[in-house]
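Visitor: Could you help me learn to read a structure like this one?
Guide: Gladly; let us look together.

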Amino acid sequence: VTIELGSTEEVLREGEATLVVVDEVGQERETTRSLPLPEGATARLTAVLAELRAASIMQGVWPAELPAPRVFLLPSGRGQVAVVDMQVPQPVGVSVEQESAILRSLVATAQRNGAGEVRFLRNGRPADTLLGHVAVASEL
C-alpha cells in the first residue's frame, strides 16, 4: 500500500500587511507592504512581526542578536489577543528608548493586523518587562 503524504511546504500567498516602525525618538512610520504570507492568522502575524524585525533592524532600533518573537493568537470576548513571546537567549543590551520603540512597534503592528489586544511573554514565561526596562502586559 502506498500512502502519499501531502506537501510539508507552507503555502504562501501574496498579501498586504501593515508595519509600524517606531524609532528611538518615538516617531512612527506606518507602511503597507505586499508580502508572501502563510495561511492562518497566527502564522500570518508571525510572518508580519518577522518583517517588522527586519525593518526595525534597518532603522537601528532592533538589535540583530534579538530574534523575531513567536506569536500565538487566542480568542477573547473583545476580539483576538496576540501573545508575543520574545525569545531572549541571552541578555540584550538595549536602551530604554530602543526597548520602548520595539514595544510600541510590536503592539501597533499586531493591532493593525487584526489583534485586539497584545500580551507579552519572555522565553515562554510571563514577563514584567519586554527586555528589562519597559513594563508590559502579560496577564491574559
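This is a predicted model: local features need pLDDT of at least 70, side-chain atom pairs count only at pLDDT 80 or more; totals for chains, interfaces and linings use all residues.

Guide: Residues are numbered from 1 along each chain as its sequence is written, and side-chain values use heavy atoms, leaving out hydrogens and water.

Visitor: Which strands does β4 pair with, and how do they run?
Guide: Strands (E, at least two residues) are DSSP runs numbered from the N terminus, as are helices (H or I, at least four). Two strands pair if DSSP finds at least two bridges between them. Here, 7 bridges join β3 (residues 70–76) to β4 in antiparallel fashion, and 6 bridges join β4 to β5 (residues 117–122), which run parallel.

Visitor: Is strand β4 largely enclosed or open?
Guide: Buried means under 20% relative accessible area, exposed over 50%, and partly exposed in between (1.4 Å probe, protein chains only). In β4 (residues 79–86), 6 of the 8 residues are buried, so the strand is largely enclosed by the rest of the structure.

Visitor: What do the side chains of R70 and D85 form?
Guide: A salt bridge is a side-chain nitrogen of Lys or Arg within 4 Å of a carboxyl oxygen of Asp or Glu. R70 and D85 meet in one, at 2.6 Å from N to O. The pair links β3 with β4, 15 residues apart in the chain. D85 is buried at 1% relative accessibility, whereas R70 is partly exposed at 42%.
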